[in-house]
Amino acid sequence: DGGLSWEQNPGVGLDSGFQSDFAWYFGKVRINPFNAQDIWILGVNTYRSQDGGQTWALGVDGPHVDHHDLAFLSATQFLLGTDGGLYRSNDNGQNWERAENIPATQFYRVAYNPHNPENYYGGAQDNGTVAGNAAQANAWQWLYGGDGFQAVFHPNDPNIYYYESQNGYIYGTLDGGFNFDFATEGLVAADRRHWDMQYLISHHDPEVHYTGTYRLYSGFGHLPSWFPITEDLTDGLVFAPRFHTISALDESPLDPYQVYVGTTDGNVWLVNINTQETTNLNTGLPDRYVSSVKASPTNPDRVFVSQTGYRDNDFT
């Protein structure tokens, strides 16, 4: 009746957690235009009702998780858009096949491995840490799971390297990848962390590591033990935890005591590792998300900062 009256759907068989607490990221209900009783709700996984919403079951089995859109070519032919690409079903959703073959992905971070220079390494959005080159553009090797972020390689020992996934989960190997262990000892679990938590090995001493939550941490050792070396470098917990974190980090390749930090809420800092003194560098910068800080390789007094107004609806 055009929304004048409503009744609650019984939701029998529907897993209330299928959107994994971020329904805003999906937010799609799709009704088959050839069959009004055929209803789909998209999420990390997709649920389907074929009786007008009275009962539900998992609607998709096989495609990559995180389902964003569904199109109907006929009553039984569908296209599904996911974080892993486009899928097609020609048999009413019983089977799905990849409907495209595009050698592309979205990289959060890229890395260089001095012991394997013919390959490129990258942390891919929702597709783990991968490696490859142009000769194998359609078949890069999958190395580690989750959302892939920073891969870090020991400059001298090819058996020591680290992969990172979302929210700062760092995993290290000391035996060339046969075994991985958490490399997060000492990081306070309750600290506000960036989805893309920054992580690097010192240019000057490969036993020294840096990362940042809302404060800068230093770590020591091949599976580092971490300790904080600054107080809060953000504006504090103003709105929600994920919005006030360290988003950029770099160490000067010329001065081992200079580390630069940028935050999601527009702060840029120079941290003296020797004295643990912090110097705010905000003067002259807009109050915008800091997407990168890079220390100059030729001048110890020069640093480059990039910022984005994307989250502020500022597209200048």
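Analyst: Gladly! Lys and Arg count as positive and Asp and Glu as negative, while His and the chain ends are left out. Each charge is placed at NZ of Lys, CZ of Arg, CG of Asp or CD of Glu. By that count the protein chain has 14 positive and 37 negative charges, with mean positions 6 Å apart. This is a predicted model, where local features need pLDDT of at least 70, side-chain atom pairs count only at pLDDT 80 or more, and totals for chains, interfaces and linings use all residues. Residues are numbered from 1 along each chain as its sequence is written, and side-chain values use heavy atoms, without hydrogens and water.

User: What makes a stretch a strand, and how many strands are there in the protein chain?

Analyst: Strands (E, at least two residues) and helices (H or I, at least four) are DSSP runs numbered from the N terminus. The protein chain has 26 strands and 0 helices.

User: Why is strand E15 described as largely enclosed?

Analyst: Buried means under 20% relative accessible area, exposed over 50%, and partly exposed in between, using a 1.4 Å probe and protein chains only. In strand E15 (residues 169-173), 4 of the 5 residues are buried, so the rest of the structure largely encloses this strand. Across the 316 residues of the protein chain, 43% count as buried.

User: How do you know that E14 and E15 pair?

Analyst: Two strands pair if DSSP finds at least two bridges between them. Strand E14 (residues 161-165) and E15 are joined by 5 bridges and run antiparallel, so they meet that definition. Ser-165 stands opposite Tyr-169 in E15. Their hairpin has 3 residues between the strands, and Asn-167 takes a positive phi near 65° there. E15 also has 2 antiparallel bridges to strand E16 (residues 181-182), where Phe-182 is the bridge partner of Tyr-171.

User: Why do strand E1 and strand E4 count as edges?

Analyst: The order of this open, antiparallel sheet of 4 strands is E1-E2-E3-E4. Strand E1 (29-31) and strand E4 (57-58) each have a single partner strand, so one side of each lacks a neighbour in the sheet.

User: What makes a group of residues a nonpolar core?

Analyst: It is a set of buried Ala, Val, Leu, Ile, Met, Phe, Trp, Tyr and Cys residues joined through side-chain atoms within 4.5 Å. The largest one has 13 residues, and Tyr-210, Leu-249 and Val-261 are among those touching the most other members. Strand E18 (208-212) and strand E21 (246-251) are among the strands that each supply at least two residues of this core. A second, separate core of 11 residues includes Tyr-162 and Met-197.
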